[in-house]
Amino acid sequence: MNETPLSVHIITLVILLLLSGFFSGSETSLMSVNRFRIRHQAKSGNLAAQRVERLLRHPDKLLTMILIGNNLVNIFASSIATIVSMQLFGSFAVAVSTFIMTLVVLIFGEITPKSISAAHAETVAKMVSMPIVWLMFILKPAVIIMNSISHLIMFILRIDPQKTEEGWLGADELRTALLDKNGTASISRANKDLLLGVLNLEKIHVDELMVPRSEIYAININDTFDEVREQVSASGYDSILLYRDEMDDAVGFIRTIDAMKVLSQKDPEKADLLRLTQEIYYIPENITVMSQLQKFRRRREHIAIVIDEFGDIQGLITLNDIVSEIVGESASDIKSDRDREYRSQGNGCYLINGSANIREINHDLGWELPTDISVTLNGLILEKICDEPRAGMVTEINGYKIRITRTGKAVIEEAAVCAPEQQPQD
C-alpha cells in the first residue's frame, strides 16, 4: 500500500491555511464594513455592494456559515499537520504539530488576514462576496441545522434571539464618537463640525444666542413720521420691532419693505403700519436652542422675542441665528466681528465691547469667563461690582483682571480684560 507523498500533505496544508485566512478575513471585513456606504453604493448599481448588502441582511446565517467553514478547515489542517509531523518527527509528532500549528494558524489564519481585512474592510468584503454567496448556497443545509440547534439552546435558556440590546446612540455618545480621532467612521472635518454644531444646540439656551435687548433694532411707533421713515430706511433688517414708548410695550414686527411702501405714500397713517404688523412670538429665556429650532419649524416662524419670568423683554432670536450657530460664520464675518468687539492690546489683554457675548469671547479667545451669571460682558461686570459703573474701575472675575474703560447710561460700553496667566506686571 503506497503512502501519500509528503509533498502532497504539505501542499494540502498550505491550501487549508489559505482557506482559514480566507474565512477569518471574510468575517472581519463583512462585520466591520461601513453599511451605510455599502447601502448607498448598492442603490447606485454596484453589483459587489449589492451582494455584500444581501449577505448582511442575515448576519446570523452568515456567521454560522463562516464558522462552519473555518472550523472544518482548521480541524482538517491540524489532522494533516499531525500526519506530516509523524513522518518527520516520529514519537514527538503530536507535541510538535500542536505547537507549530498553533503558531501558523494564529499568524496566517487569524491575525494577518484579520488585520488586513480590518484596514481594507470595504475592498475585501466586495472581493469575498461572490465566493461567500456560493458557499452560503452549498452549506445551506448545515447552516439551517446549526442555527436550529443554537436557537433551541437559546430557547431553553430563555434568551430571545430577536431581542437585542438598545443600539441607538444618545447625543453625548454621538458627540464622543465624532470627537474620537481613532474612530473607524470616515467623516470629513466639515461634516463633523456641522454635526457637532447641531448636537451643541441641546446644551445652549436661547439667552446665550439671542441678540440682547440693548441691541434690538426697534422703532417707537409714537415718533413722528419723519423719524420713523428715517429709522426704517437705516435699519438694514428684513423685519423691525415696533413698540409704544417702552420696548416692553411691543406692538409687533413689520417687514421693512412693507413699512417703506406705507411711508412712501402721500398721506401715510400709523394705522396702516399697525395693520401690517405680525403678531409677536414670545419664548422663555431658559428654553434650549434645539427645542426652539423645532418650535420654529412647527410654527413656521423665523423670529421670536425672548422674555424672562416676569414677562420683560430680554432679547431677540431668529432662525438665522440658529443656523449660523450650526454652520458657523464666514471668515470675513468672524474677522469683522472680532475687529468690532475685540481689540488686542498685546500680552493677552483685549479691549472688549460691553455688549460682547461671553460664550463667544470664551470660544474665540480660549478663555473661561463664567457663563452662568450673564450673557454679555456688561452684565457680568455689573453683577460683580454691584454699583454704578465708572471708567477706571477695576475688578477681578475668576482670575481675569478687568478695567472699565468707557461707560454709557448705566452700562459698560468697553472694558480691558486680561487673562490670568498673561496679566501685565506692575
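## Salt bridges

Glu 110 and Lys 114 join their side chains in a salt bridge, with N to O at 3.1 Å; the term asks for a side-chain nitrogen of Lys or Arg within 4 Å of a carboxyl oxygen of Asp or Glu. This is a predicted model, in which local features need pLDDT of at least 70 and side-chain atom pairs count only at pLDDT 80 or more, while totals for chains, interfaces and linings use all residues. Residues are numbered from 1 along each chain as its sequence is written, and side-chain values use heavy atoms, with hydrogens and water left out. Glu 110 and Lys 114 are about one helical turn from each other because they sit 4 residues apart in helix H5. Helices (H or I, at least four residues) and strands (E, at least two) are DSSP runs, numbered from the N terminus. Glu 110 counts as buried because its relative accessibility is 19%, and Lys 114, at 30%, is partly exposed. For these words, buried is under 20% relative accessible area, exposed is over 50%, and partly exposed is in between (1.4 Å probe, protein chains only).

A search of the whole structure turns up 13 salt bridges. In one of them, Asp 226 meets Arg 229, with the closest N and O atoms 3.1 Å apart. Here the residues are 3 apart in helix H11, so about one helical turn separates Asp 226 from Arg 229. Asp 226 is exposed, with a relative accessible area of 57%, whereas Arg 229 is partly exposed at 28%. Arg 255 and Asp 258 also form a salt bridge, at 3.0 Å from N to O; Arg 255 is partly exposed at 40%, and Asp 258 is buried at 15%. Finally, a network of salt bridges links Arg 343, Arg 406, Glu 413 and Glu 414.

## The disulfide

The structure has 1 disulfide, a term that means a pair of cysteine sulfur atoms within 2.5 Å. It joins Cys 349 and Cys 418, whose sulfur atoms are 2.0 Å apart. The link is right-handed, with 115° about the S-S bond. It connects distant parts of the chain, since Cys 349 belongs to strand E9 (residues 349–353) and Cys 418 to strand E12 (residues 412–418), 69 residues apart. Both Cys 349 and Cys 418 are buried. Cys 386, at 64% relative accessibility, counts as exposed.

## Aromatic rings

The search finds 5 aromatic pairs. Rings of Phe, Tyr and Trp (its six-membered ring) pair if their centres lie within 6.5 Å, with planes under 30 degrees apart called stacked, over 60 edge-to-face and the rest tilted. Tyr 217 and Tyr 237 make a tilted pair, 5.7 Å centre to centre and 40° between the planes. Tyr 217 is in the loop between strand E1 (211–212) and strand E2 (218–220), and Tyr 237 in the loop between helix H11 (225–233) and strand E3 (239–244), so their pairing ties together parts 20 residues apart in sequence. Tyr 217 is partly exposed at 28%, and Tyr 237 is partly exposed at 47%.

Why is the pair of Tyr 350 and Trp 367 edge-to-face? The planes stand at 75°, with the ring centres 5.9 Å apart. Tyr 350, Trp 367 and Tyr 400 form one aromatic cluster. Trp 367 is buried at 8%, while Tyr 350 is partly exposed at 22%.
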